[in-house]
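Hi,

Here is the structure I promised to pass on.

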Amino acid sequence: MNDHTTGASPERHGDREEIARLLPAPADWDLPREQHLRHKDLLMHHIDHDQVAPTRPARRLLRPAVLAPATALALACAVTAGIALSGGDPAPAGTASHRAATDMQPAAALLDRISAATETHADLTVRDDQFVYTRMKTRGAELASGKAVLGPLMDYERWISQEPGPLRKQGLVRENGSTFPINADLGDTKGTPAGISRPTYRWLISLPTDPDKLLTYLYANTPQPDRRERDQAVFEQIGFMIGRVMPPRTAAALYRAAAKIPGVTPAPQAHDAIGRKGLGIARDDTRYGIRTEWVFDAKTFDFLGSRSYLTKDGSYGKAGTLLSSEAVLEHAVVDEAGRQPTDAQRTQIGHQS
């Protein structure tokens, strides 16, 4: 990229780095791809959360699920995570955790329907010595040239350890046939414990299920990258946590909490990385001109996937340019990282056309 030339202003350079963070991470999984997604700062804790192969520059991810393919962009900061659950501190003054938002009422009704359906799901027994398996299709844009160049659709599998930790090796990722370890977050030299950057099933159960209390916790504990809008960071944090095997009551509370974030709206045209359409929820990052959408199955209300794209013309491309997308295909709980689940263990998500 040309950001380091004399013609690039510090402000423009900062914007590019922030947009880069929102994209999927590179193939090196020193940081979990998921994290990429979560800070998503947009995509990755991974990106900022995600990682970097030894031969490539480091960076972070979108995720949905939203999603950190090996083809993802080559620029990103690494954001450290691993914040312990601390409970009831009030949200900082000026945050929107308890403010009414006139544009969120339709989204609140939709998310309430999704939450009610989610609460009817059976809870699972997930042991600390097991791994949560997810199979997806992901796609991400490469930004190294200064333009968003969309990569191919990728096969993606991950095995996430459920041990409370702290862990130096958090699991495995397999992308288009290549397997990488998921290492501790940057800065976690002794390993990353279960927590907001590594949400295990048991840790998710420990979260408040009252939407207001949960939102207060998220506003107090979601990492805040420089210059990022707080409401958007919390929305992206929720996006990082959904789309995985999750306690039904926790998932329902997260959806109801998301409905209370100002700027959250329905997205009638939302679809995932393989084109499955459904019930969409979105929020615009107006600072950087990026929209993030979640899509749910219209019948089962399962989370199908997510995507992020530009909402205004800029140096990386025109409005509508896709930055990242994912489609969640199946979940399972297995006893060993790298092991394929049996047919009886697999839970398929939506129609996989």
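Before anything else, pLDDT is the predictor's confidence in each residue, from 0 to 100. This is a predicted model, so local features need a pLDDT of at least 70 and side-chain atom pairs count only at 80 or more, while totals for chains, interfaces and linings use all residues. Residues are numbered from 1 along each chain as its sequence is written, and side-chain values use heavy atoms, with hydrogens and water left out.

Confidence first. The protein averages a pLDDT of 77, and 69% of the residues score at least 70. Helix 7 has the highest mean, 97, whereas helix 2 (residues 33-39) has the lowest, 37. (Helices are DSSP runs of H or I with at least four residues, strands are E runs of at least two, and both are numbered from the N terminus.) Residues 1-8 stay under 50, and the model gives them 13 contacts beyond four places in sequence; contact means heavy atoms within 4.5 Å. Residues 24-103 are also below 50, with 408 contacts in the model beyond near neighbours in sequence. Where pLDDT is low, the predicted coordinates should not be read in detail.

Now the strands. Strand 3 (residues 154-161) is largely enclosed by the rest of the structure, because 7 of its 8 residues are buried. Buried is under 20% relative accessible area, exposed is over 50%, and partly exposed lies in between (1.4 Å probe, protein chains only). Strand 3 runs antiparallel to strand 1 (residues 131-142), with 8 bridges joining them, and antiparallel to strand 4 (residues 169-175), with 5 bridges. Two strands pair if DSSP finds at least two bridges between them. Trp 159 of strand 3 stands opposite Tyr 133 and, in strand 4, opposite Leu 172.

On to the helices. The axes of helix 5 (residues 211-221) and helix 7 (residues 248-258) come within 8 Å and cross at roughly 75°. Axes are lines fitted to C-alpha atoms, for helices over the stretch in contact, and angles run from 0 to 180 degrees between N-to-C directions. The two helices are therefore roughly perpendicular to each other, a label that covers 65 to 115 degrees. Helix 5 brings Pro 211, Leu 214, Leu 215 and Leu 218 to the contact, and helix 7 brings Ala 253, Leu 254, Arg 256 and Ala 257.

Ala 122 counts as exposed, at 65% relative accessibility. Its C-alpha atom is 7.2 Å from that of Pro 248, 126 residues away along the chain.

Cheers

Technical notes:
Angles under 35 degrees count as roughly parallel, over 145 as roughly antiparallel, 65 to 115 as roughly perpendicular and the rest as oblique.
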